[in-house]
Structures are given as C-alpha cells and as structure tokens.
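Dear colleague,

Please find the structure below, together with its sequence. I would be grateful if you would read the notes that follow beside it.

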Amino acid sequence: MLYHSTRSKAVSCGSKEAILKGLCTDGGLYVSDDIMSASLDMSKLMDKSYEEIAFEVFKVLLDDYTDEELKSCIAKAYAGKFETAELTPVTKLGKYWMTELYHGPTSAFKDMALCMLPQLMSKALKDEKVMILTATSGDTGKAALSGFQDAENIGITVFYPYGKVSDIQYLQMATQEGGNVNVAAVRGNFDDCQTGVKKIFAADSEKILRERKISLSSANSINVGRLVPQVIYYIESYKKLVQDKAISYGDKLDFVVPTGNFGDILAGYYAKALGLPVGKLIVASNENNVLTDFLNTGVYDKNRDFVKTISPSMDILVSSNLERMLYYASGCDAEYVAGLMKDLSEKGRFEVAKEILDTLQDIFDCGYATNDESMQVIRDAWNDDHRLIDPHTAVGYKVAKDIASGRPTVILSTASPFKFAKDVYESIFGELSDKNADGFAYMGALSEKTGEKAPTPLAMLKTKEIRHTAVVDIDKMEQFVIDSLNCIL
Ligand SMILES: *Cc1c(COP(=O)(O)O)cnc(C)c1O
C-alpha cells in the first residue's frame, strides 16, 4: 500500500514513512489509492477481539510493518490504560446505540488513536530519534503526553497558553509522568503557541537536530497513524450489535459522528471502503457548521464568525481531514484537490463540482446543533433515560434525533461527561450557588446528584504531584525544546 500527497502523485512511500513525516512536503495529506481496491472479509471479524480486529485492519492499511511489529504495537497500546473491561463499550442512548470512546487515560476519544500512534512511530524509526512538538489549547496536549509517555526513542514537548486552559486541563498536563515528557506554558495565546511551533519546524534548529540524529515530528490528527486506529471501533461497534443480535450481519448501520477536523468520520469512510456494511455516515457539527453548509451546497466557506461553543473540540473552521475525502470523492484527482486547496488558502473558500457533491451526499448526511439544543438534549438524556452525555456527544444525539433514517444507528460518544462537568451539570441542574466553583466542584456535584462516578484519572488529579512548572516567553520556545532534548539522548 503506497501513500502519496492528496495534491500530487509524484512521490510515494510506505506507511512507516508517512507516519514519521505526518504531513507531505507540498502541504498535502498522505493518502493511498490502494484503499479503494483493498478489502477485508468483515464477516470473519465478527467473533474477533478489539486487538484482533486492529491487527487485521493494520495488516491491510500499514502493510510495510511486519506481523510481529504490529502485534507488539497492539499489545502495548491499550493494555492497562483503560478503566473498562471493554475498550469501547456499546450502550443504549434513547432509541439509538452509542459507542463510548472515552474510557482511556484522558477520558476522551483522542486516546483511541494517541495510545497507538507512538507505538507505530517507534517501530518506524531506524537509527534516529524523534521529538514530538505539540501546541495545544488544552485537550490534545494531554492525550498526546499520555500516549507518548515513555515511548522508545521519542520525546514530546507540549506548549499551552499560560493561564488560558481550564483548571482541569492545567492539572492534566502539569502532573503528567514520564521520563521523556516536557511541558511549558507560553506567555501568549494558543495562536502564539501554534505559530511558535511552526517556526521551530522551519528554523535552522532542524539542521542542528539532524546532526544529532533527532528529527522533529507532530502528533496532529492528519497523521495516518492517528487515522488508521480509528477504523477499528467502527468494526468493533458493528460486531457488538451483531453479537447482541440487534442487527444481522450484512444489515446496514448508520453512524452519527460529532465532527471537527473530520478525522473520526473519515475513519468511518475507510471502514466502509474496506467492506463494513455502513449505511450513512452522519456529520454532526456544532454552531461552527461549515461542514453542514458544505455538504448541503458544495461550497466550503470559512469566511464566517468563529463561535465559542460548549463543545470546544469541534470549534473548527478549517476541517483538515476533509481534504482526504475530497481526494477520494474526486476519483483520486490530486490536481483537482490541489486547486481546491489553493482556493481555500487564497480566498478562504472553494466549490466542488456537482458530481463530487453527489458522491459526497451519497456517503454522508449532516446536521448541526446549537448550544441551547445541546444543553436541552443533555437534560433530556438524563431526565428521560438516565444517561449522562457530554456536550460533544449531545451534538451527535441532537442530529440523530433530527435526521436519523430509521436504520439502526450508532452515535459515537467522544468524551466523558465529567470532562465537561460544568456545562453538563448546568444543562441538567442549573448553576451551583457558589459562583467561584471550579471544575472539580462541578465534577463532585455532578457525581453526587447523579450517582455516577467520575473517571479515576480525572477524580485523582487534585492529589497528584505537579511536575511541570515552566513558563516561557514566545521567543524562548525553541530554546526550551533544545534544552529538553536530553530526555531522549
Ligand atoms: C477531537 C474531538 C472531536 C472531533 O473529532 P474530529 O476527528 O476532529 O472530527 C469530537 N469530540 C471530542 C471530545 C474531541 O476531542
């Protein structure tokens, strides 16, 4: 299986190189035309474990890894890191099912991929070492730190904006254990962190690093090594419903996916391309509904106000992984995609041809939920069904209620309600009388009122030792990285 850029087919490589590089040099994303002709006998996976399904998926999509390498990655990725016996339990939510993707170390769905990516990277390395650089507005940083903790030959440095993350997010990062992890608060905002990281990638320090056989890489959601592990739980969800006799093998199943960067739902398209009987993939957005408009009209236009919502991980106006879907929907036409992306960068908008829109509408349905609607379904889910859901899952639930086809439907539940305890609590019970109540107070109150237990990694945060106290100026970020290199030498 050869990977090349969505914007040019001139150079191709195996999956190991694609995973190490992350992004193509022309700014495109790694894709493989072979996915269109690849297939997996899904019926044979219906009695396999999560890990066995992972192995079969990886064998097809990451075929330059040996069987031993894949088995070792899979054995290390999840073991001991999940609170539940099953990695991704499938439960009921109203008349739908939901797959709980939040039982990992940081209580949100990014763990599903970030537990695996470091393993895949370690095995792809030859004699060099890697420093991962991540700028975070809060959540991704913790999931990356936790995933890369003590990975072989890899270090990680995370920058977050000083004073601009929640108390829980701060403690999640500041208490992170591991000999290879580095965390710094930056005197600036999230954009400053991100620009600072980009500058380090572009700077001469790359050369210095190369002499020391260290390369820089990132862990963001466009990496093939994050996409592929997400294919597994689509198959796993289908398998569970077959095993529970809720569906028969071959029945079509719809998936509603709370979407931001289009990574999670794209993995659903990969599962479908490999042969999983998927009906519609339903893109659920919050008020930043640039994808809803795009799928309805064929015009993608990011020139609009950015809305801060209670589902912050979906507050995105440039949905990076959509580029891959445009590539496949255009019949693997790299030149066409390059043109669209040029329009996007120059004008902030692009429009796809009618045939391409038709193809996309065949595969995807879409809808969105406002903040008020999200809060309403959180309240209804608790009052009607005694189910606690987080604001991202709520967006999915609302969209399912609006447009689900009547076919069996699974909503992907992407975060623990306790991770967003304040908004969940207020949706159901209103504000706490203490106006200064912090995230932990809301977590406690939510637990008390509902009788549900907060995930241990969140509940324990307050008692953990603070390990990372660095605060740096924007122009000292590069020096902080250089000073951190010793942790992998
Ligand atoms: C990242 C995230 C999403 C969106 O996933 P994408 O792959 O960016 O579409 C949804 N919910 C939560 C809780 C997330 O952290």
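The model is predicted, so local features need pLDDT of at least 70 and side-chain atom pairs count only at pLDDT 80 or more, whereas totals for chains, interfaces and linings use all residues. Residues are numbered from 1 along each chain as its sequence is written, and side-chain values use heavy atoms, with hydrogens and water left out.

**Ligand site**

The ligand is surrounded by 14 residues, the closest being Lys110, Gly260, Asn261, Asp264 and Thr414; a residue is near if one of its heavy atoms lies within 4 Å. This shell comprises five nonpolar, seven polar and two charged residues (Ala, Val, Leu, Ile, Met, Phe, Trp, Tyr, Cys and Pro count as nonpolar, Asp, Glu, Lys and Arg as charged, and the others, Gly among them, as polar). Oxygen atoms of the ligand lie 2.8 Å from a polar backbone atom of Gly260 and 2.9 Å from one of Asp264. The protein covers 97% of the 380 Å² of accessible area that the ligand has on its own (Shrake-Rupley method, 1.4 Å probe).

Thr414 is located in the loop between strand 15 (409-413) and helix 18; helices (H or I, at least four residues) and strands (E, at least two) are DSSP runs, numbered from the N terminus. Thr414 counts as buried because its relative accessibility is 7% (buried is under 20%, exposed over 50%, partly exposed in between, with a 1.4 Å probe and protein chains only).

**Helix 18**

Within helix 18 (residues 421-429), the buried residues are Ala421, Val424, Tyr425, Glu426, Ser427 and Ile428. Just after this helix, Gly430 adopts a positive phi of about 85 degrees.

**Salt bridges**

Side chains of opposite charge can pair when their charged atoms come close. The count of salt bridges is 27, each being a side-chain nitrogen of Lys or Arg within 4 Å of a carboxyl oxygen of Asp or Glu.

One of them joins Glu323 and Arg7 (2.8 Å, N to O). This pair links distant parts of the chain, 316 residues apart. Glu323 counts as buried at 5% relative accessibility, while Arg7 is partly exposed at 25%.

Another joins Arg387 and Glu100, with the closest N and O atoms 3.1 Å apart. Arg387 lies in the loop between helix 16 and helix 17 and Glu100 in strand 5 (residues 96-100), so the pair ties together parts 287 residues apart in sequence.

Finally, Glu86, Glu236, Lys239 and Lys240 form a network of salt bridges.

With kind regards

Conventions. A polar contact is a pair of N or O atoms within 3.5 Å; within protein, one must be able to donate a hydrogen and the other to accept it, and residues adjacent in sequence count only if both atoms are side-chain atoms.
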